Amino acid sequence: MILGWLIVILIAGGLIAWPLARLHPLLSRLIALSAVTLDLALALVLATRDFGPGSTAGGGWREELDWSWIPQFGIHFHLGMDGLSFLLVLLTLFLGVVAVVVSWTEIATAVGFYHFNLLLILAGILGVLLSLDLFLFYFSWELMLVPMYFLISVWGRERRTHAAVKFFLFTQLSGLLMLIALLALYFAHHQATGIYTFEYQDLLGTPLDPHRAMWIMLGFLAAFAVKLPAFPFHTWLPDACAEASAASNLVLASLMAATAAYAMIRFLLPLFPEAVHTISPLMIVLAVIGILYSAILAFSQTNLMRLVAYASIGHLGFVLLGIFAGNSLALRGTVMTVIAHGVSIGALFLVAGAVEKRVQSREIDTMGGLWDTIPCLSGVGLFFALAALGLPGLGDFIGEFLILIGTYQAHIAAAAVAALGVLAATFYALRFVQYAFQGTNIHSWHLPDLAAHEGFVLGVLIAVLLWLGLYPQPVLQTLAQAASHAPALWR
Amino acid sequence: MVPISYYLVLSAILFSIGVGAFLIKRNIITVFMSIELMLNAVNLTFVAFAHQWRHVSGQIFVFFVMVVAAAEAAVGLAIIIAIFRTRNTLNVDQVDLMKL
Amino acid sequence: MNMQLARILPEVILTITGVIIMLAEPLLQKNSSRKPLGWFAVLGTLAALFASMWQLHLPDGTAYFGTVQTDAYSVFFHVLIAGIVLATLLVSLDSIDGSAESVGEFFALICFGAVGMMLMTSAVELLLVFIGLEISSISTYIMACFRRKSAKGPESAIKYFLLGSFATAFFLYGIALIFGATGTTAIAAIGRILTVGQTPLLAVVGLAMILIGIGFKVSAAPFQVWTPDVYEGAPSPVVGLMSTAPKAAAFAVLLRILYVAFPLLHYHWQPLVWWMAVLSMCVGNLGALRQQNVKRMLAYSSIANAGYLLAAFTALSQEGVAAASFYAVTYAAMNVGIFAVVSHAGGFGDRLTLVQDYRGLAYRSPLLGGAMAFFLISLIGIPFTGGFFGKFYVFAAALHSGMVWLTIIGLINSGIACYYYLRLLAAVYSKPVHTDLLDGIPRPTMPLLLALVLTVAATLILGIVPGQVLSLARAGANTLVPYVTTAMK
């Protein structure tokens, strides 16, 4: 039942926060903050439950909720949580709180509608992470779309409409391909068993001939690859990030990518093992190209947000690599990377947003010499840049290291080239620091340094990254118990 | 006795003439008349078939078609008058404020 | 109560309502408001709605020499039409100038049109189908011409009238040929006669003619040319009505004719309908992409939606019929809703015509902007709205019957459609606000709010908890099912 509450609280919070902004914007912010915080607390309550392998009764889900929804089609409102989804739910809600706090000063117009959209996206993400019914999964997947469109198109910069429409079209078209695939799977299952169901557990064992399985898998993959985004479907992300506000970028790049990676691990790999195996060489090549290509492009960006977006695409290349490497080591590294990427890239967006607020621009050319006037913010920026380039001791390093080891076992060449990508990341990360913060203060900036709430948020993010980097065992242990119903994957 | 096919062919020809006139003619009244021609071709078909099947329902149908056609004519002519008042023309090509 | 009368009770109620309004109108003072007549029409429609629901308790059966039949199918569409008419009346009450001359007639015509549409859905005899079709068409011709002083009004009406009558002639010729082939015009009897022996060529040609006729009425490609012009010129509340109710009725009739009278000829009509569906989707969506006028854009969108609905026809199964019925409801809810917003924002005389005129609507009036955004989202087909579930159901039915390409083409089309809906959505939420135009928008009145609540609630229910409506659609489809199964044998 807690799972239901997680989603209901977010939606209700959004619905209440919307009209309250008419009374006072602060009310709306407070409601949104308390809804997400309450959710985070509830999720942490789940952490205290027994996660041991002994508690795998009932299909191995720690927490489950199953209501009939549209019985005519065998559609259930079925939520379930295991270690994998638990980690990502925590990530989502944690970054959700961060997003609300950051919006406190950044968003000044249409505050109520903003928080409604933000909370609706979070609810959609939770729906994706928790649903065990593929219809519900698709439903939640699409639910994120419209609020995100609004976040970009209403609170974005000059070319926001273009960016928002591009984001929408990419996601919607790929989503429709997934819908066809989903229906095909549904009918294939009916053909084999005579039962109409969207239930994840039932569909797992659907017998499919290889040809059909491949097509259906490609339909799902299209949606996931666009949302991740994987090269060559990534072009919408830099455009969107260049226009949207920092908090939206946090949601867009960190959390949506997490849902896509999760969906690949949860649905793509177990549902179509053979087809995934067949296509994995291609995907690994794409992943490696994506890592290198994004590093090169990141290096040549002049827009700070765009630079971070390409950095994000580079990390997500590693995620893709890990998913298709085909062993559990890489898979664990993938989840680790998703979490660490969420925190570090999210934080970089926030740093970029904080810089933008001070110098009123996103162009790197207009910056430079900021270290003299805002040393704390610059220092924090350096820290997250180092995290993003994979400095040992920080979360990203663990994840990418595991992925590289896992890939090395499977495809030595891919691992070698991808390792080059880590090197390339150094260049753009250092460029970010060098051009934005260092150099002479030619513009003679005199700017306020980190405000208390900014400092607090970034400080917490630093702590999390350090924790992930120095003591990752809790995460890895939680993962080890994850998904006991799909053991082959994690072995 | 005239075979039934003669009536059918005649009505098909009339119907086709109606369709052709509808597509070719430029005066709204003429276009409207071509629709009436089509309806009457249909009536002829109905009567012919009613005779063939020795069934009265075809002829009843004809009465209904005539009544409805009369109602349609009343409305249609009213609309045509409204057109003429605003445009002072009944040429289809000149009633083209909105491109087709 | 007289059993025969009970079977046409909703129609009787609406007819009486309309007649009373016509009689009362001249008795009112010359410059007094005609709006009470509109409210009376609302009451009559509500009564008809409940009467239709009450008909569910009647045993299935026919009346008046086997011309009307009440069953779950007819009741489903009766309720749908009554709902659309109800919303349209409320929208008209909001936007029409109550003291203008002959406004009472307008309300009466809506009632009479509804009678025709309802008769179409319960008719099981082609004669009555024809009469119902004409009653509804003639009423809509007049309503389309209601702004007769404006230049576009009569032009729109004449185009609608000429092409509508042209289509009627085809429809009639089709009936005549089928009568010639089978010797009857009762739909079920035609089906029985055609199951024995060979299929006469006359029947096939007749069926094709009927398809052409109905194709015009539902504005399916390649018979869609009239739609954009007519929608652009007609008053917005009327467009909201005629893009949904007569189409729903025509689709209901077509389903009945195809599935009950011609199940065995499906290898003739299924490919035709397949092509009509594909053409409509493509022509509608591609045509809409380059439209600047909002009503023209929605006209092309309605062509595309006719295509989605026809896609369900090809499924040749109970699911297909149910999906088509369900889609008719969802399309009606969202389209009447969006035209409610357009009617209020633009008024009866269309002050706002272009997409860019709507710039900043959401900032000028959050309610109207929000409602418009909601309906656009539903038209795009995002989950939690009826538009999504309707499309989902239609394409699920098509895919289940092995129509893989149709499904793919359809879903790609619905992806293309995002683009033009988003253009309007972006305008509604963009700054700077187009104040000089938007300042003319009056405050929303009570009838408009009622209409919006009705349509928004319907769209949400259809999207989130569609179970009830689904069951009703399936119950309706079940009445046609015996014929479907014989066809599949």
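Predicted model: local features only at pLDDT ≥ 70, side-chain atom pairs only at ≥ 80, totals over all residues.

User: OK, so is Gln360(A) buried or exposed?
Analyst: Gln360(A) is exposed, because 8 other C-beta atoms lie within 10 Å. This residue is found in the loop between helix 14 (328-359) and helix 15 (370-373) of chain A, and its phi is near 60°, a positive value in a residue other than glycine.

User: And what about the phi of Phe65(C)?
Analyst: Phe65(C) is not a glycine either, yet it has a positive phi of about 60°. It lies in the loop between strand 1 (61-63) and strand 2 (68-70) of chain C, and it is exposed, with 12 other C-beta atoms within 10 Å. For background, most residues other than glycine have a negative phi, and most peptide bonds are trans.

User: Speaking of peptide bonds, which residues does a cis bond join?
Analyst: One cis peptide bond joins Leu228(A) and Pro229(A), with omega about -5°, and another joins Phe231(A) and Pro232(A), with omega about 5°. Pro229(A) sits in the loop between helix 9 (210-227) and helix 10 (236-243) of chain A, and Pro232(A) is found in the loop between helix 9 and helix 10 of chain A.

User: Switching topic: how many residues do chain B and chain C put into their contact?
Analyst: Chain B gives 33 residues and chain C gives 30 residues. On the chain B side, the largest share, 15 residues, comes from helix 3 of chain B.

User: What classes are on that chain B side?
Analyst: The side of chain B that touches chain C has 26 nonpolar, six polar and one charged residues.

Technical notes: Residues numbered from 1 in each chain as written. Chains lettered and ligands numbered in written order. Contact = placed C-beta atoms within 7 Å. Helix = DSSP H or I, 4+ residues; strand = E, 2+ residues; numbered from the N terminus. Nonpolar A, V, L, I, M, F, W, Y, C, P; charged D, E, K, R; others polar. Buried ≥ 20, exposed ≤ 12 C-beta atoms within 10 Å, placed from the backbone.
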